Amino acid sequence: MHQPSPSPPPAQRTVATLAELDALALELAAMLRPGDVVALSGPLGSGKTALVRAFVRILHGRDEASSPTFTFWHRYAGQPLIDHLDLYRVEDPSELADLGLDEAFGGTSIVFVEWWEHAPDVLPAHALFIDISGAGDAPRRVVIERR
């Protein structure tokens, strides 16, 4: 059974720039371990993929992340292994049954799930939730918590 990484206390931050988003990712990345799941929510353009890109860059030392909206699932090889799921196009959670998510949630990778609200039952109880409010050039409010 996976023991979740120590979670940050519930927190709210205002993030006004990509550099500030990167700094938040740097702080949180130090706590993440294989088996951890990070559930990201927020409107289109809020910065969910930009935050995942920052995590991948910090954890792997290279900028390779992109939005998996059309492919649903990207896997980034390295240490740690990172799985990036985007459930935006999921209309019915039963669609996920044949997609092999057991592999992503098997405990060998850090999993980032965008639009988790489209299939909340796929998340383990120990998920870390990051909600981003705002879009465009406006500052973002970021709420981080375990539920």
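What percentage of the 147 residues in the chain is buried? In this predicted model, buried residues make up 45% of the chain. The exposed surface comes to about 7300 Å², and carbon and sulfur atoms supply 56% of that area.

The chain holds 3 helices and 7 strands. Read from the N terminus, these elements follow the order β-α-β-α-β-β-α-β-β-β. Among contacts with a separation of 6 or more, 62% are between residues 24 or more positions apart.

The average pLDDT of the chain is 86, and 86% of the residues score at least 70. Strand β2 has the highest confidence, at 97, while helix α3 (residues 101–104) has the lowest, at a mean of 80. Where pLDDT is low, the predicted coordinates should not be read in detail.

The buried residues of α2 are Lys 48, Thr 49, Leu 51, Val 52, Ala 54, Phe 55, Val 56, Leu 59 and His 60. An α-helix has 3.6 residues a turn, so residues three or four places apart point the same way. Leu 51, Phe 55 and Leu 59 are among the buried residues of α2.

What do the buried residues of α2 pack against? Their partners are helix α1 (18–29) and the strands β2 (37–41), β3 (73–76), β4 (81–86), β5 (109–114) and β6 (128–133). Just after α2 comes Gly 61, with a positive phi of about 75°.

Notes: Residues are numbered from 1 along each chain as its sequence is written. This is a predicted model: local features need pLDDT of at least 70, side-chain atom pairs count only at pLDDT 80 or more; totals for chains, interfaces and linings use all residues. Side-chain values use heavy atoms; hydrogens and water are left out. Buried means under 20% relative accessible area, exposed over 50%, partly exposed in between (1.4 Å probe, protein chains only). Helices (H or I, at least four residues) and strands (E, at least two) are DSSP runs, numbered from the N terminus. Contact means heavy atoms within 4.5 Å. Accessible areas come from the Shrake-Rupley method with a 1.4 Å probe; for residues, only the protein chains shown count as cover. pLDDT is the predictor's confidence in each residue, from 0 to 100.
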